[in-house]
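Here are some notes to read beside the model. Keep the structure open and check each point as you go.

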Amino acid sequence: MIKGVGGQGLYIDLTSQSIKKKPLDEQVVRKYLLGAGFLSRTLFDMIPDGTDPLGQENVLGFATGLLTGSMFPQSSRHVIAALSPLTGIWGESHAAGFWGPELKLAGYDSIIFTGAARKPVYLRIQDSTVELLDASSVWGHDVFETDTILKAKHGRNCRVLSIGQAGENLVRFAAVMNDRDRASARSGIGAVMGSKNLKAICVRGTGKLEVAEPRTYLKEMDELHRRMLANPFTPGRAEFGTTSLIELMQHIGRLPTYNMRQGVFDGYDKIGGHAINQGHLMKPRADWSCLQRCGRFTCVSEGPYAYTGGSPEFESQAALGSRCGNANLESVLYSHHLANQYGMDTISLGGTISWAMEAWEEGLLTEDDTGGIDLGWGNHESIVKLTKMIAFREGFGDLLAEGSARAAEKIGRGSERLVMAVKKQEIAGQEPRAQKSMGLAAVTAARGADHLYGFPVLDEVGFDDEIRKRFGEQYLPQMADRLDPTYKGIMVKECEDFMVVVESVGLCKYGTQIPPEFYYADIALGLKIHNGLDISVQQLKTIGERIVNLNRLFNARFGITRKDDALPDRLTKEKAPVGPSKGQVVELDRMLDEYYSSRGWNLKTGLPLKSTLKKLAL
Amino acid sequence: MSALKFVFGSPTVCTGCMICANACSMFYFKVISPTRARVRVMRFEDGLDFPLFCRNCEDAPCKEACPEGAISRTSKGVLTVNNTRCNGCGSCVKACPYDAISVNPDSGKAIKCIQCGECVKRCPVEAIWITTQKELADKDKNGRLPPLYDKHKAELYSRGEFL
């Protein structure tokens with residue numbers, strides 16, 4: 001029996017309101033682990049070809065990882081997956097917090113929703129009690145209000161996951177939020193929840209996790225904690241979270257600016273980590289078992305942008321700041337806070353608004369389209385106004401709620417070439433002409449443009465030793481050079497395999513990928529002492545590869561081939577105009593060839609070869 | 001002032017990571033379970049995380065309330081529960097003004113912090129420490145901490161109701 005898990009999965013059909021419990025299948029775990037791997041397998045089998053992402057037949061899955069709720073550093077995470085309404089392909093999103101551990105303590109590792117409720121409902125879990133309840137008291141309310149209302153009703157110790165108005169209104173980049181301001185933001189999973197009339201999942205678990213090796217558990221975990229705290233990156237992470245990545249990215253010319261026209265922003269210091277710490281940081285904060293505490297409590301104490309709330313991350317600062325040419329920090333913080341409140345992905349939000357701003361500059365959008373809203377670069381009042389209008393699909397916000405790719409299709413006029421997206425999902429805060437691996441990772445990621453699926457950061461600030469350890473001396477110095485496309489296909493493949501394993505065990509990419517403190521052997525140790533699973537490093541690597549291939553097979557069913565693994569022309573054909581990466585383009589085809597080769601995928605179609613699938617037992 | 005020791009924490013330093021609670025339940029009961037820990041952690045949206053422990057009160061309402069005489073003070077001043085005598089009636093839970101004693105659902109015995117220090121040594125941000133009222137007053141010279149606890153007392157303490 002697997003230790004350190006909830007032990008059961010919930011299978012809930014919202015149409016018939018039936019709730020079933022099934023024990024965790026050890027065979028599936030041995031092949032796919034839990035978390036992202038479990039959902040990849042389960043949803044591949046359950047979602048029919050030709051499914052409408054916002055239709056009843058879509059399946060919405062939630063899963064914790066094998067180590068979620070353990071004492072392994074940063075083991076707070078859960079995964080949510082469905083067919084994405086933004087991309088029409090594999091949709092997956094993750095968040096930290098306390099909701100995942102609470103679900104396990106209630107006795108469950110996963111929840112799979114099928115069908116759709118006729119009226120808004122929410123799921124309430126209190127240990128063995130699982131019930132669908134009428135959501136009329138919370139429908140129409142924002143994420144924070146929903147948290148407050150459900151805690152008042154079911155107890156202050158409940159952990160609440162919900163959508164805000166954006167999810168209810170089927171904004172295509174709506175997030176699912178938990179613990180108030182933790183976001184499973186990408187892929188528009190919040191809209192899937194909204195389409196199913198599922199407002200929230202309120203969990204209270206008073207149970208316990210029994211671990212496999214209780215006698216040595218604390219000693220082993222103490223050592224992992226010691227290593228995490230001793231890592232030279234940890235103090236900076238605690239001090240700034242990810243907010244000072246603005247300064248670092250400016251330094252390497254990778255800060256998306258003016259809709260990714262360039263990678264440097266004159267006003268970067270006004271929206272950076274130092275500026276936030278000077279006037280707005282209340283305290284670093286952590287999620288379950290987190291020693292790095294990159295989360296923040298921040299505030300704007302007065303004025304039109306006053307709020308108190310959680311974080312931001314670098315991604316939100318870049319998306320709502322430099323990408324929109326906006327150096328007004330208070331507006332960046334506030335629009336990020338509003339995105340949390342209404343439940344939206346800040347990356348797609350900023351990516352879509354910055355698309356509109358560039359189209360405005362080129363005269364492709366006018367006041368007739370926007371209803372009088374000025375879209376000049378850096379107009380922070382418009383950014384804040386649009387954030388709400390998008391969540392509620394008001395006026396011009398209704399068009400932007402479709403995401404930049406669909407909005408451009410509707411508007412036309414040549415605005416399509418300004419869309420900075422892959423497979424209809426907006427590219428995150430990595431100007432890839434300044435870091436080639438990120439350009440490749442954005443096109444190979446299973447959920448459309450995404451920096452986290454592979455999260456290839458080993459060439460970002462010179463992790464030469466790590467590259468030597470993972471790949472070997474022969475790949476240096478090219479692999480560590482962020483402007484050199486050489487060996488990036490090999491690197492991205494390796495990183496993707498590792499990252500899907502991390503998402504399947506419920507750990508954070510901070511501490512595993514950056515800083516690269518914990519690697520496969522540490523995860524294998526965790527699985528042994530926490531779960532009692534004897535899975536070797538080599539087996540873990542194979543599982544990672546298997547999950548990536550399964551995600552690709554899922555996308556192939558929805559029409560994806562090599563032609564879709566493409567960046568906007570701006571990034572592959574137009575030389576970066578200014579900054580440290582001036583003159584650079586992304587040499588995508590070359591990197592893709594190397595990537596497909598090292599994956600064992602067909603170079604023409606970009607799909608897995610039969611021999612590869614056989615090797616992986618798929 | 002009393003020289004009795006207790007564990008105390010700063011809500012402006014605590015990050016809410018739960019490592020204290022998980023270390024506690026693992027150390028004593030070999031499981032991960034915040035409801036089986038001798039410490040509670042509560043987060044508030046004004047940016048305060050409270051790590052909450054037995055205050056080792058001089059008048060010890062828990063001890064007074066116990067009908068079985070199961071709670072006594074050791075020679076070192078620590079209030080402890082005698083498991084042979086404790087029958088899990090919960091009188092102590094209702095009597096404690098700090099929600100710092102609870103009944104373990106597995107054993108049916110009352111559990112509380114005994115200042116063992118296992119969590120203190122594991123706190124990654126040194127937000128908790130073993131202290132006395134006098135030491136605490138010296139450390140917190142400007143009296144910054146008590147008002148933070150006062151501000152949220154209605155939600156922090158419930159005579160066991162919120163546990």
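Predicted model: local features only at pLDDT ≥ 70, side-chain atom pairs only at ≥ 80, totals over all residues.

The points below go from domains to chains, and then to single residues.

1. Local features are taken up at a pLDDT of at least 70. Side-chain atom pairs count only at pLDDT 80 or more.

2. **Domains of chain A.** Start with the layout. Chain A is divided into three parts: domain 1 covers 8–204, domain 2 covers 243–419, and domain 3 covers 432–615. Between domain 1 and domain 2 of chain A, the C-alpha centres are 26 Å apart. Their contact involves 34 residues from domain 1 of chain A and 26 residues from domain 2 of chain A.

3. **The domain 1 side of that contact.** Which helices of chain A each supply at least two residues here? They are α4 (143–154) and α5 (165–168). The most comes from α5(A), with 3 residues. Sorted by class, this side of domain 1 of chain A has 18 nonpolar, 11 polar and 5 charged residues.

4. **Chain B as a whole.** Chain B has 6 helices and 9 strands. Its radius of gyration is 15 Å, close to the 15 Å that the globule rule gives for 163 residues, so chain B is as compact as a globular protein of that length. The C-alpha trace of chain B spans about 40 × 35 × 30 Å along its principal axes.

5. **Inside chain B.** Of the 163 residues in chain B, 39% are buried. Now take the contacts in chain B with a separation of 6 or more. Residues 24 or more positions apart account for 62% of them.

6. **A glutamate in a loop.** A:Glu460 sits in the loop between α18 (436–444) and α19 (464–470) of chain A. Is A:Glu460 buried or exposed? The cut-off for buried is 20 or more other C-beta atoms within 10 Å. A:Glu460 has 21 C-beta neighbours inside 10 Å, so A:Glu460 counts as buried. Set aside its neighbours within four places in sequence, and A:Glu460 is in contact with A:Gln435 and A:Arg482. Check A:Met438 too: A:Glu460 and A:Met438 are 22 residues apart in sequence, and their C-alpha atoms are 9.5 Å apart in space.

7. **The buried side of a helix.** Turn to helix α17 (residues 404–411) of chain A. Its buried residues include A:Ser404, A:Ala405, A:Ala407 and A:Ala408. They cover an arc of only 165° around the axis, so they lie on the same side of α17(A). What covers the buried residues of α17(A)? The cover includes α13 (346–361), α16 (396–400), β17 (421–422) and β18 (425–426) of chain A.

Technical notes:
Residues numbered from 1 in each chain as written. Chains lettered and ligands numbered in written order. Domains from an automatic or database assignment. Contact = placed C-beta atoms within 7 Å. Helix = DSSP H or I, 4+ residues; strand = E, 2+ residues; numbered from the N terminus. Nonpolar A, V, L, I, M, F, W, Y, C, P; charged D, E, K, R; others polar. Rg over C-alpha atoms; globule rule 2.2 N^0.38 Å. Buried ≥ 20, exposed ≤ 12 C-beta atoms within 10 Å, placed from the backbone. Arc of directions from axis to C-beta.
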